[in-house]
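Hi,

Here is the structure I promised to pass on. My notes on it follow below.

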Amino acid sequence: MFQNEISSALACFLELNRIYIGYSGGVDSHVLLHASAAIPELKKKITAVYIHHGLQKEADDWAIHCQQISEILDVDFLIKHVDAVATHGESPEEAARNARYHAFEGLIEVNDVLLISQHREDQLETVLLQLFRGSGLKGLAGMPEKIAFGKGWLLRPLLNVGKDAINNYATQNQLQWIEDPSNQSSVYDRNFLRQEIIPHLKQRWSSLDKTVARAAKHCAEAQILQQKMIKTAFETVFNTDDKTITIPELLIYSSIEQCLILRHWFEILALRMP
């Protein structure tokens, strides 16, 4: 179970050096690691990576647990310590996420991949959060299954798998995982959705995670087409020498196109969106 999803996600890579797996010790990442390690041709390429945020007093114990599980599964293990203190304008969630992905990014070389255990209900939460923030197509597209990352790729092989299936796998295989107490705090937006809102929504729309995931896919497809169109327009107004925009050329376009061009410009300059 799940070996097909993992093998299918990796099938497009003709060469594959290292497979890094984000392993927090929670049930989702444990299932991904366990299922991946059960594929003989992948086992010796796998490194489980525990990101030590230092935000919980139990973090050292969790690191030991993750190392022990990795030894049992006979895969390599790596701890990365990060500074997850929020800077001005960052939420604690955003700071932890940014620190985590920055640490992962530094590991990924050419022909390496990073596997992340996010699943269909994570996608549902992501799309709802983006909707409540007033996001456009890019935000409503949610998380992609595959994206260039570091010098290699980031994959989410379980993104179309439901949470119940993951829990069933963990129970059937008698896995032992960590329960992070911070996941029970509704102070964080994602936890609030997961605990207080989504259960009520699913009482009425039981397949909500599937339908929202499908809507996210439609938005992702529309985003790809929009980006192609805007990239063409952007090239007509962008000065490569000093990375500025020529305003008279920009004003030729409609107000909607101007907004999209400027957002693309911000993205090129790695600036926060307005």
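E125 counts as buried, at 2% relative accessibility (buried is under 20% relative accessible area, exposed over 50%, partly exposed in between, with a 1.4 Å probe and protein chains only). Before you read on: this is a predicted model, where local features need pLDDT of at least 70 and side-chain atom pairs count only at pLDDT 80 or more, while totals for chains, interfaces and linings use all residues. Residues are numbered from 1 along each chain as its sequence is written, and side-chain values use heavy atoms, with hydrogens and water left out.

Back to E125: its side chain meets that of R190 in a salt bridge, 3.2 Å from N to O (a side-chain nitrogen of Lys or Arg within 4 Å of a carboxyl oxygen of Asp or Glu). That pair links helix α6 (residues 120-132) to helix α9 (residues 189-204), with E125 and R190 65 residues apart (helices are DSSP runs of H or I, at least four residues, and strands runs of E, at least two, numbered from the N terminus). R190 is partly exposed, at 24% relative accessible area.

The whole structure has eleven salt bridges. Another one pairs K163 with D28, with 2.6 Å between the closest N and O atoms. K163 sits in helix α8 and D28 in helix α2, so this contact ties together parts 135 residues apart in sequence. D28 is buried too, with a relative accessible area of 16%.

K138 also bridges to E267, at 3.2 Å between the closest N and O atoms. Here helix α7 is tied to helix α12, 129 residues away in sequence.

Cheers
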